[in-house]
Amino acid sequence: MVAFVATGRVPEVTFKTRVRDESVGGPNPYRWQDLTTSDIFAGKKVVVFSLPGAFTPTCSSNHLPRYEELYEEFKAHGVDAIVCVSVNDAFVMFQWGQKVGAKNVFLLPDGNGEFTRKMGMLVDKSNLGFGMRSWRYSMLVDDGNIEKIFVEPDFGDNCPIDPFEVSDADTMMAYLKGTEAAGVSEPRLAFVG
């Protein structure tokens, strides 16, 4: 297994995204748009958090909703954007965002897992029937440079648990404030399934 990237620059990749475009017409006015690492990170301070999958319990009840909830506070601390990365395709990420009510966090599909693999965060979750997915982590990226990264413990393939202790919104906010993290907040949304 490749060790994860702890410092340095975020990897250069091209993400396959879908964007609304009224010129497309019809009942589904969306088109494909490539976004590069530079498009997302150049000249910006960005909080990134990555998770195993859309529509999964912790990701849907706490991880994404809490970053969404603290969005304005992150902005007040100099963050230009919050990006959620998952090894899911653009269609899944769009539908998940609709279901959870994400309005501020940009849901970035890493459908081929290229960014996640180059970050050293691609793990096998075949024990859950997920295949290859991202390990849960968060990072503060300044103009493409990784300033701080929080990686969940027990990193590895087919981990029998899903640790959620340090990649949460409150830990990242504490880092930005220069204070001690108080721990993961309670879930914000109920999850059924």
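This is a predicted model: local features need pLDDT of at least 70, side-chain atom pairs count only at pLDDT 80 or more; totals for chains, interfaces and linings use all residues.

Reader: What is the strand order of the open sheet?

Author: Strands of a sheet pair through backbone hydrogen bonds, either parallel or antiparallel. Helices (H or I, at least four residues) and strands (E, at least two) are DSSP runs, numbered from the N terminus. Two strands pair if DSSP finds at least two bridges between them. Here 5 strands form an open sheet, ordered β5-β4-β3-β8-β9, and the pairing is mixed. β5 (106-109) and β9 are the edge strands, each pairing on one side only. From one strand to the next, the twist averages 25°.

Reader: How many bridges join β4 to β5?

Author: There are 4, and β4 (residues 81-86) and β5 run parallel. Cys84 stands opposite Leu107 in β5. Helix α2 packs on this sheet and touches β3, β4, β5 and β8; its direction makes about 180° with that of β3. Such axes are lines fitted to C-alpha atoms, for helices over the stretch in contact, and angles run from 0 to 180 degrees between N-to-C directions.

Reader: How many residues of α6 are buried?

Author: Buried means under 20% relative accessible area, with a 1.4 Å probe and protein chains only. In α6, 7 of 9 residues are buried. Among them are Ala169, Met172 and Leu176. The buried residues pack against β3 (45-51), α2 (57-69), α3 (71-76), β8 (137-142) and β9. Contact means heavy atoms within 4.5 Å.

Reader: Which residue caps the N-terminal end of α6?

Author: Asp168 does: one of its side-chain oxygens lies 3.3 Å from the backbone nitrogen of Asp170. After α6 comes Gly178, with a positive phi near 75°.

Reader: Why does Ser167 count as buried?

Author: Because its relative accessibility is 0%. Ser167 sits in the loop between β9 (145-151) and α6 (169-177). Beyond its neighbours within four places in sequence, its contacts include Phe49, His63 and Arg136.

Reader: Which side chain of opposite charge is nearest to Asp124?

Author: Lys and Arg count as positive, Asp and Glu as negative; His and the chain ends are not counted. A salt bridge needs a side-chain nitrogen of Lys or Arg within 4 Å of a carboxyl oxygen of Asp or Glu. For Asp124, the nearest is Lys125, 8.8 Å away; Asp124 is buried yet has no salt bridge. Asp124 lies in strand β6 (residues 122-124).

Note on methods
Residues are numbered from 1 along each chain as its sequence is written. Side-chain values use heavy atoms; hydrogens and water are left out. Buried means under 20% relative accessible area, exposed over 50%, partly exposed in between (1.4 Å probe, protein chains only). A polar contact is a pair of N or O atoms within 3.5 Å; within protein, one must be able to donate a hydrogen and the other to accept it, and residues adjacent in sequence count only if both atoms are side-chain atoms.
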